[in-house]
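This report covers aromatic pairs and nonpolar cores. Start with the model below.

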Amino acid sequence: MQPAKVAIMRHATWTAIEGNSVAMEAYRAYRRLPGIVRAPARWLVAPRWHAACAYVVGRSGGRVVDGPFEGMKLRLSAVSSRHLLGYILGTQELELHGVVEDIIARGYRNIINVGVADGYYAIGFARRMPAARIIGFEGLPEHHPLVRSAAEENGVSDRIVLRGFCETHDLDRALDETGPGSLILCDIEGGEKALLDPSLTPALAQADLLVETHDGLVPGCTRTLIQRFEKTHDILSIFAEPRTAADFPSEKLPALVKLAPRTAVELMNERRTGVQEWLYMTAHARVGLTDGYGEHRLS
């Protein structure tokens, strides 16, 4: 999903602006300026940051430099290319790398990706899983041409179907198309609580799910999902951890971590508020989960 407005700058910075009426009005005035004016203004305010972003994007050629989707070509949105460089670095959601490899090893033939955003997972799984078909949902239409273009550049456009906002009947239709044993990958900024309800969509009981939960936006979301699926699924809970210099792909981009180590770490910051959590849930009818990701199994 598109990051919230508060997520395109350091959280502490946004909090300071939000708490000052003069600063908030100045920020609103800045947001009303045309892009041709805002772009140089951003460089003047944070030259080191934007120079680092330009270095990463330039040296990578727009390809993921590390992680399970290394080599994938991405066309990031304007916001992501300035503030979510973890996609290009291959460190985005680093905690899920083991889960990603597990998903690939399972060899799903159908993946439903709700919240495609920049296409990191939709295109990444399509590249790593040549037999898989991806049905993607993304509610922000401005992402669609970027994802389609990147899918073509990666040679997987024939296996990715891109649709708009996903409601219950849309998920029903997708599950009917794919049949039992599909994987659902869901990241919709709190909407998962309303969407992923087996009482409304019984076919969910036969699907595997990797869901990013957002208790900060929808209180109790994680606990609700666990209660809904604990009788039909094995559930692993995975928590985000702070990034360190050791996480940076220094072998691929050595200059940045040597010259500006703090900026290198900040580039991997995923701009999250609160404790971030994912639920990896596999239906009892499928092979059980392997351990080894550093998470705990829930009963």
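Rings of Phe, Tyr and Trp (its six-membered ring) pair if their centres lie within 6.5 Å; planes under 30 degrees apart count as stacked, over 60 as edge-to-face and the rest as tilted. The model is predicted: local features need pLDDT of at least 70, side-chain atom pairs count only at pLDDT 80 or more, and totals for chains, interfaces and linings use all residues. Residues are numbered from 1 along each chain as its sequence is written, and side-chain values use heavy atoms, leaving out hydrogens and water.

**Aromatic pairs**

The whole structure holds 6 aromatic pairs. Two of them are tabulated here.

| Pair | Centre distance | Plane angle | Class |
|---|---|---|---|
| Phe69 and Phe125 | 5.4 Å | 80° | edge-to-face |
| Tyr120 and Tyr121 | 5.1 Å | 80° | edge-to-face |

Phe69 sits in the loop between helix 4 (47-60) and helix 5 (78-83), and Phe125 in helix 8 (residues 120-128), so their pair ties together parts 56 residues apart in sequence. Helices are DSSP runs (H or I, at least four residues), numbered from the N terminus.

Phe69 is buried at 0% relative accessible area. Buried means under 20% (1.4 Å probe, protein chains only). Phe125 is buried at 1%, Tyr120 at 3% and Tyr121 at 13%.

**Nonpolar cores**

A nonpolar core is a set of buried Ala, Val, Leu, Ile, Met, Phe, Trp, Tyr and Cys residues joined through side-chain atoms within 4.5 Å. The largest has 52 residues; Ile103 and Phe125 touch the most other members. Helix 8 gives the most to this core, 6 residues. A second, separate core of 24 residues includes Ile135 and Leu195.

Methods:
Helix = DSSP H or I, 4+ residues; strand = E, 2+ residues; numbered from the N terminus. Buried < 20%, exposed > 50% of the residue type's maximum accessible area, 1.4 Å probe, protein only.
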